[in-house]
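Thanks for coming. I will go through one structure today, sheet by sheet, and then the cores.

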Amino acid sequence: MNENSSKTIKELSEDKEIKNSSELDKDSVSPNEEDIPSADSSSSRTNADFDNAGFTQEEFASLLGKYDYNFKPGDLVNGTVFALETKGAMIDIGAKTAAFMPVQEVSINRVEGLNDVLQPSERREFFIMSEENEDGQLALSIRRIEYQRAWERVRQLQKEDATIFSEVFATNRGGALVRVEGLRGFIPGSHISARKIKDDLEGEYLPLKFLEVDEERNRLVLSHRRALVEKKMNRLEVGEVVVGSVKGIKPYGAFIDIGGVSGLLHISEISHEHIETPHNVLNVSDQMKVMIIDLDSERGRISLSTKALEPEPGDMLTDPQKVFSKAEEMAAKYKQMLFEQTDDNEELAMASTETE
């Protein structure tokens, strides 16, 4: 209704003028230019003016009330671009005064100028940002619409647990920055692959998983490591022996790089014998065989063990090469043990069901 209101008033006026045209033509006299009142001169308007136009004052007031625009902040309206200026664009949305869209509200993405997004006479949807100012002008935005739709899309991608690809446009002390659907996202340093040097990431496209999507706090946090782990996990299974390299040692265990992703060899999984610190057994860059004992795709974690590969308790402390040489043999026994445990658990569950 907003878009056609001015047109409707004009058509109604023309209908009434046509209806009375024969009477007006009989008595009309061309006025002198100095007798024509200015359009904004309130003192020049009389009841006779409304009568001659085919309207009474009451009819005109009723007509204006019928087509009240009633624009509110937060509304979406259709409008037509009719002027591009240095500081923004003038938009016709059918209101009494042309609305204005500041240049910073033209897009969620960085643009060189208004011409990158808008063209004169283009018709599209706009977001009303504020009430009318003292001049009766509304402020509009395209960016707010794109912003809302971007968060909707990101929430849907997170719900689907989708893997996305995004370009790193900057790095800082804490991690790397990317854009997802026009929104700025952050990859913490701890969630960047161990094989990637953070300072060399700018301009590189990375597979990413969502860690946190919070529109209210404007937080979009992603993980490169989790995306790689999920991809790797699709080719891994519990009980499998893999070759890895020690990338880091902590008091609680060692991080082992297994084909581009890191798994944790916890201190309790190094040997059956008690170990004071992993440094007593392992060194950074050591090549070794480890067995996968857990795959947590939701948290992006791989748990490893050498304890399960020991032919005799304590072999990792006295003869690690013996452990590695018999790794596949010990892993086969481990898988058999897991299989038997699964069968035993199923039998217990069936027995419990029969007795109930």
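In which sense do strand β2 and β3 pair, and over how many bridges? Strand β2 (residues 88-92) pairs with β3 in the antiparallel sense, over four bridges. Here two strands pair if DSSP finds at least two bridges between them. Helices (H or I, at least four residues) and strands (E, at least two) are DSSP runs, numbered from the N terminus.

Before going on, the ground rules. This is a predicted model, in which local features need pLDDT of at least 70 and side-chain atom pairs count only at pLDDT 80 or more, while totals for chains, interfaces and linings use all residues. Residues are numbered from 1 along each chain as its sequence is written, and side-chain values use heavy atoms, with hydrogens and water left out.

Now the overall numbers. The protein has nine helices and 15 strands. Of its 356 residues, 36% count as buried; buried means under 20% relative accessible area, exposed over 50%, and partly exposed in between, with a 1.4 Å probe and protein chains only. Among contacts between residues at least 6 apart in sequence, 59% join residues at least 24 apart, a contact being heavy atoms within 4.5 Å.

Back to the sheet. β2 and β3 belong to an open sheet of five strands, in the order β3-β2-β1-β4-β5, with antiparallel pairing. β3 (99-102) and β5 stand at the edges with a single partner strand each, so one side of each has no neighbour in the sheet.

Axes are lines fitted to C-alpha atoms, for helices over the stretch in contact, and angles run from 0 to 180 degrees between N-to-C directions. The expected span of a helix is 1.5 Å times one less than its number of residues. For the 17 residues of α5 (residues 143-159) that gives 24 Å, and the end C-alpha atoms are 24 Å apart, which agrees. An α-helix has 3.6 residues a turn, so residues three or four places apart point the same way. In α5 the buried residues are I145, A150, W151, V154 and L157. After α5 comes D161, with a positive phi, near 55 degrees.

One residue in passing. T171 is in strand β6 (residues 164-171). It counts as partly exposed because its relative accessibility is 26%. T171 and D200 are 29 residues apart along the chain, with their C-alpha atoms separated by 8.8 Å.

Next, the barrel. Five strands form a closed barrel, β11-β12-β13-β15-β14, with mixed pairing. From one strand to the next the twist averages 50 degrees. The parallel case is strand β13 (residues 262-266) with strand β15 (residues 301-305), over two bridges, where L264 stands opposite S303. Helix α6 (residues 224-233) packs on the sheet, touching β14 (287-296) and β15, at about 60 degrees to the direction of β15.

Is strand β11 enclosed or open? Seven of the 10 residues of β11 (residues 241-250) are buried, so this strand is largely enclosed by the rest of the structure. β11 pairs with β14 over five antiparallel bridges, with V241 opposite M291. Five bridges also join β11 to strand β12 (residues 253-257), again antiparallel, and a hairpin links β11 to β12 through two residues.

Last, the cores. A nonpolar core is a set of buried Ala, Val, Leu, Ile, Met, Phe, Trp, Tyr and Cys residues joined through side-chain atoms within 4.5 Å. The largest has 30 residues, and I256, I258, M288, I302, L304 and L309 touch the most other members. Another core, of 21 residues, lies apart from it, and includes L157, A162, I164 and I187.
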